[in-house]
Amino acid sequence: MVVVPALGAAAVSVGGLLFKASTASKAAATAGVAAVGASKLGLAIASAIKLTTAVVGVGKLTILPFLIAAIAYYNYDLFDPENRPFNVPQVELAYDFIIIGGGSAGTVLASRLSEIPHWKVLLLEAGGQETEISDVPLLSLYLHKSKMDWKYRTQPQPTACQAMKDKRCCWTRGKVIGGSSVLNTMLYIRGNRRDFDQWASFGNPGWSYEEILPYFRKSEDQRNPYLARNKRYHGTGGLWTVQDAPYNTPIGPAFLQAGEEMGYDIVDVNGAQQTGFGFYQFNMRRGSRSSTAKSFLRPARLRPNLHVALFSHVTKVLTDPHTKRATGVQFIRDGRLQNVYATREVVLAAGAIGSPHLMMLSGIGHGDELTRVGIPVVQHLPGVGQNLQDHIAVGGIAFMIDYPISIVMKRMVNINTALRYAITEDGPLTSSIGLEAVAFINTKYANSSDDWPDMNFMMTSASVMSDGGSQVKTAHGLTDEFYQEVFSEVNNRDVFGIFPMMLRPKSRGYIKLASKNPLRYPLLYHNYLTHPDDVNVLREGVKSAIAVGETQAMKRFGARFWSKPVPNCKHLTMFTDDYWNCFIRQYTMTIYHMSGTAKMGPPSDPWAVVDPQLRVYGVPGLRVIDASIMPTITNGNIHAPVVMIAEKGADLIKQLWLTPTTKPTDQQWRSKRSLPLAGNETLANAVRQWPLPSS
């Protein structure tokens, strides 16, 4: 039951929780609420609570119903359905461009391509809309394993994730409009200039640092005025908000002081120098998550040439049997298998798992692998699903402290902080699960004279035990036995954590088909720590993380490393290399940066899947534009590089189709689309008549 009077003293009763707020405390919201009307507002709140219950379940966090009610009451405009992209009730027969996947890359592409008013663009997304809980930064882990998560799990392997259930790593991927930008921690890290110069050196012209830097600036709306003055590295006025954290604990500045003690500079890690310590920046706006769906798609939602189809599970890319050209897409919606056709291009933006999976289901991949599951080979491309890379970190590097200043969930999530978040858009709920500072450092295996560090510290004012063993343990997939033995006695204690993340892994995983059934998940093999160099670098990162806790800056809080021996490593002497080598294979954390599974490369590279224009080799009319195309993973969180790839990919498409060449004119294309069509085959024949334009 939800009762929210429009004016005066109000009682909000949600699931037995009764909270009374005075008229004075609501004065700022009264005018807006009155304009909406009590009836509409009540429906909005009821709808929000229903959505939240469906996503995160009942009983996971008792404050959630009240939080939703408060957000709805004080920010009623957020519930205007026109703020969200429209879900078209019926997909038309043909579009100029079909984009598969409404995630971080797909939403950017849909926004940019639909800027051309005579291009019709269709965006297909398997999930639904974002919810109000996904807006709240502190609660991002509650979305893991929810209905907005594909809930992928890797195959068991002995090299890593030994503390996880069934020894399988949990790979959270967003199944929602906005994709993983709705579930991630919103960290804005571009990577290192050498990453992109290396891409260019592999035979990918146009992808050097100087060539891709304008695309980072294009998206960015930098809200830190000090950083915004540096026009070379930062942009303002872009669609994607980048800002400092609205809320920090005293531990955040101490991390930077610790870095200075260790001899590192305080830097803008997205500027001229990456090596050093700095505060994180986030894709947030007004205390809420700034997903790519919010930032790029919502401003374009009224364009008549852009159609968004939610709950549309793509099963296959359709190709012409004679020319191999991509002609359309097959998808399931409302329990019905449908076809839709593209008169210009099909763009795969389904992510580093979804894109190679769909290519293989469509007959594009290693011929032997396709034949094994009974899929006819359209194009033999052995690199599809190979070259899988990911950033991994070591969990559980936690330090006890003596002061009540860290993020402890039961202390930070309450009615007061919920009201503060809803009314003033700041406070503890705007913390991104305690992430405050970042460091890029060199282990002994890196060249310290070169600004290309090999280790990243994610430094937090919380750790795995900060929520009492509820959602963090579940999100990471830890076994109950491991958690109980290592962390249970320090549940809900004040701590800070450091997650050492290896930046340039040499191990490579791969993806295989489980069957030709498009609804079966692929088989995921992470191959973490199979290369000995990765073990060495990650081990040295753990040692350096522990050294941070020994600095005077951290000792002021009484910092002491929580050194409880982990299961399976008790037979080894603590703090030796052998112990750490064992330790890092237990609580091995993915940072959810899967990439590289449809790598970009020149024709001479036998493992390349797409060319430097991101066109799939041997399949005209098909591109891949997402994290899959990375030849090597970037030096840091990959979300900002994925948006950059989408921005550049959109320009590559525009350059091809808007540059006068021998291609059909736009008028001719419109004429073709206006021809009476007897059915799908007629359209396919019409599409087949036009060759791809030369670039």
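Reader: Which residues have the most contacts inside the largest nonpolar core?
Author: Trp-207 and Met-554, in a core of 181 residues. A nonpolar core here is a set of buried Ala, Val, Leu, Ile, Met, Phe, Trp, Tyr and Cys residues joined through side-chain atoms within 4.5 Å. Buried means under 20% relative accessible area (1.4 Å probe, protein chains only). Helix α19 (residues 639-658) gives the largest share, eleven residues; helices are DSSP runs of H or I, at least four residues, numbered from the N terminus.

Reader: Before we go on, what kind of model is this?
Author: This is a predicted model: local features need pLDDT of at least 70, side-chain atom pairs count only at pLDDT 80 or more, and totals for chains, interfaces and linings use all residues. Residues are numbered from 1 along each chain as its sequence is written, and side-chain values use heavy atoms, leaving out hydrogens and water.

Reader: What does Trp-207 touch?
Author: Its contacts (heavy atoms within 4.5 Å) include Trp-199, Met-600, Pro-612 and Met-644, not counting residues up to four places away in sequence.

Reader: New topic. Where does UniProt place "binding site"?
Author: At Val-176 and Val-314, from an unreviewed entry. Such annotations may be inferred rather than shown by experiment. The two cluster in space, with a largest C-alpha distance of 13.9 Å, although spread over 139 residues of sequence.

Reader: Is Val-176 buried or exposed?
Author: Buried, because its relative accessibility is 1%. Val-176 sits in the loop between β6 (170-171) and α5 (193-201).

Reader: And where is Val-314?
Author: In strand β14 (residues 313-319); strands are DSSP runs of E, at least two residues. Val-314 is buried too, at 9% relative accessible area.

Notes:
Buried means under 20% relative accessible area, exposed over 50%, partly exposed in between (1.4 Å probe, protein chains only).
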